[in-house]
Amino acid sequence: MPSSPTPSTAAAPSTGEPIPPSPVQEDLAAIQRRLRPDFDRMAGKGLLITGGAGFLGYYLTRSVIHHNAVTDGPPIDLWVMDNFQRGVPDWLDRFRQVPDVRWLKHDVIEPVPDEVPDVAYIVHGASIASPAFYRLHPIETMDANVRGLRRLLDYCAERADGGDPVEGFLFFSTSEIYGDPAPEHIPTPETYRGVVSCTGPRACYDESKRFGETLCVNFHRQRGVPVTTVRPFNNYGPGLKISDRRLLPDFARRVLAGEDLVMHSDGSPTRTFCYVADAVVGYYQALVRGRRGEAYNIGSDGPEISVADFAERVVHQARDLFGYDGRVVRQASEDPEYLVDNPNRRCPDITKAREELGFEPEIDLDSGLRRSLRWYRHYPTAADL
C-alpha cells in the first residue's frame, strides 16, 4: 500500500519552536474514514474541480490525493483548474508532481480545455467568496457564478446528448441566497425562498448564486444534467488564507501579531460555524449520494453564537495555546457599506442532509478553532504536507 505523506518536523520559521503534527493530517485521515465508500465509487474515474487553489479546494483536492496515496485500488484521476487570480498557493507547488493529479491554469468562463478528458464527476467551486474581494470584483464574481457555470452545464449537456453523460455535478451555491431570514425561518430549511437585495453591495455574489441555482435546476429538468447544489454555511479552518479578510483569518492575523481583536460591529449578529473537514465530507456526500436537481444545506446547526462570543472564544483558545494576552475591541469600519445587507442570523436546518446523505458534523467549535489557530501559527504555507 502506498504510504501517506509524512508531516513536517521542521522548526517554525518565525519562532524557532518545534512544529507540532499538522491538524490537516488528522483531518485527512478522518475524511478518508468517513468518505471511503464515496471515494471507492469514484475510483478509476475522472474528477474535475474548478477553483481548486481556493479555501475549499485545499481540502477538496488534498482529500482525494490522500485517498489515492493510502489505498490499493485504482486512483481517482484528478484534474484541478484555477485562474490563480489571487496567486498560486505554496502548498499547490508541492503537489505538482503527484501522480494522478493535473493542474491547469484556466478561467472557468472559457470552454473546458480539450486536454481535460471526459471526467465522470465535476465540482464547480470557482468563485470569489470573500465579501471584501467580491465587492472589489463584482463583475468577475458574477462571471464565475453564471458564465462559468453555464460553460460547465453546456459541457455536461453535450456529453449527455452524445451518450457519455457525467455521473455527478456539484454546484457550490451559498447560504447567502437566503438573505436575512425572519426569526420564524431560523434554523433555515432548503425550502425557504430568501429575502435578498438585487442591488446592494453583496448582490453580485448573492444574486448570481441564486441565478446559478436556477440554471442548475433547469439544466437538470430539460437536459438531464445530474447536478446537485450545496449551500455552505460559514465554513472555516486550515486553507483559508490569513489575508482573506473573513472573520477567523482576520482574528488569527491579529493574534499572531500580538494585537487586539477588532470587531467592526456591535458583535450581535449570530452564526453557526462549520469546520472545513466536516463540510468537505458533506460536499463529497452530496456529489455522490445527493438527489439530482436538489439543494442541500451543509453546515453546523449549533451552537448559534454571536460574533462577539466567537471573538471571545478565539481569545480564549489563543491564550491557552500561545499565551496570547490581547482582548476584543470595537472599532467602526472605514467602509460605510461594511454592514449593509449583512444578515442578523444564519443557522441552517440540516435535516435533509442528515437523512439523505448521512451528513453529520463531528468537530465542535472550540476544537475547530484550536486546530485552525495551530495551523495559522505553524503552517501558513506548505509545511503541513
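Me: Before we start, a note on terms: buried means under 20% relative accessible area, exposed over 50%, and partly exposed in between (1.4 Å probe, protein chains only). Is Val 108 buried or exposed?

Reply: Val 108 has 7% relative accessibility, so it counts as buried. This residue sits in the loop between E3 and E4, where strands (E, at least two residues) and helices (H or I, at least four) are DSSP runs numbered from the N terminus. Do keep in mind that this is a predicted model, in which local features need pLDDT of at least 70, side-chain atom pairs count only at pLDDT 80 or more, and totals for chains, interfaces and linings use all residues. Residues are numbered from 1 along each chain as its sequence is written, and side-chain values use heavy atoms, with hydrogens and water left out.

Me: Which residues does Val 108 touch?

Reply: Contact means heavy atoms within 4.5 Å. Leaving aside residues up to four places away in sequence, Val 108 touches Thr 50, His 124, Ala 126, Ala 144, Gly 148, Arg 151 and Leu 152.

Me: In what order do the strands form the sheet?

Reply: Strands of a sheet pair through backbone hydrogen bonds, either parallel or antiparallel. Two strands pair here if DSSP finds at least two bridges between them. The open sheet has 7 strands in the order E3-E2-E1-E4-E5-E6-E11, with parallel pairing. Strands E3 (101-105) and E11 (295-298) stand at the edges with a single partner strand each, so one side of each has no neighbour in the sheet.

Me: How many bridges join E2 and E3?

Reply: Strand E2 (residues 77-82) pairs with E3 over 5 bridges, in the parallel sense. Trp 79 stands opposite Arg 102 in E3.
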